Amino acid sequence: DIVMVVGFAADRERLAGIEFLKQSETPGLGARIAETWFKQQFKGKRGPFTTVAEGEPTKENEFDAITGATFTSNAVRDIVNAVIGRAGSLPEEGAQ
């Protein structure tokens with residue numbers, strides 16, 4: 001299981017960041033999703049996201065997949081894209 005938090009900027013279009021609360025991926029492969037470089041690449045970007053090979057330059061809606069961890073990279077993509085799809089229904093900042 002991968003459990004993560006996806007934060008949005010005030011505009012609810014760009015990501016403020018992601019954080020993993022739980023993951024049990026293979027050390028040295030899929031577990032690299034918890035590394036700072038991987039998480040930081042989402043900050044300020046807007047989706048829906050697609051993956052590109054690790055180390056390739058990325059556009060606003062792309063992120064570097066982890067070499068050798070395609071299933072994990074795709075799972076993160078799918079989770080983030082699902083959350084983005086529901087972002088419009090999130091309450092506005094300060095709403096009760």
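Glu 54 and Arg 32 form a salt bridge, with their closest N and O atoms 2.9 Å apart; the term denotes a side-chain nitrogen of Lys or Arg within 4 Å of a carboxyl oxygen of Asp or Glu. This pair links distant parts of the chain, 22 residues apart: Glu 54 sits in the loop between strand E3 (50-52) and strand E4 (62-64), and Arg 32 in the loop between E2 and helix H1 (36-40). Helices (H or I, at least four residues) and strands (E, at least two) are DSSP runs, numbered from the N terminus. Arg 32 is buried, at 19% relative accessible area, whereas Glu 54 is partly exposed, at 30%. Here buried means under 20% relative accessible area, exposed over 50%, and partly exposed in between (1.4 Å probe, protein chains only).

The model is predicted, so local features need pLDDT of at least 70 and side-chain atom pairs count only at pLDDT 80 or more, while totals for chains, interfaces and linings use all residues. Residues are numbered from 1 along each chain as its sequence is written, and side-chain values use heavy atoms, with hydrogens and water left out.

Across the whole structure, a search finds 8 salt bridges. One of them joins Arg 46 and Glu 60 (3.5 Å, N to O). Arg 46 lies in the loop between H1 and E3 and Glu 60 in the loop between E3 and E4, so this pair ties together parts 14 residues apart in sequence. Both side chains are partly exposed, Arg 46 at 26% and Glu 60 at 38%. Through shared partners, salt bridges join Glu 13, Arg 14, Arg 46 and Glu 60 into one network. Another salt bridge brings together Lys 22 and Asp 1 (3.9 Å, N to O). Lys 22 belongs to strand E2 and Asp 1 to the segment before E1, 21 residues apart. Lys 22 is partly exposed at 45%, and Asp 1 is exposed at 64%.

Phe 38 touches Phe 20, Arg 32, Ile 33, Phe 63, Asp 64, Ile 66 and Val 76, not counting residues up to four places away in sequence; contact means heavy atoms within 4.5 Å.
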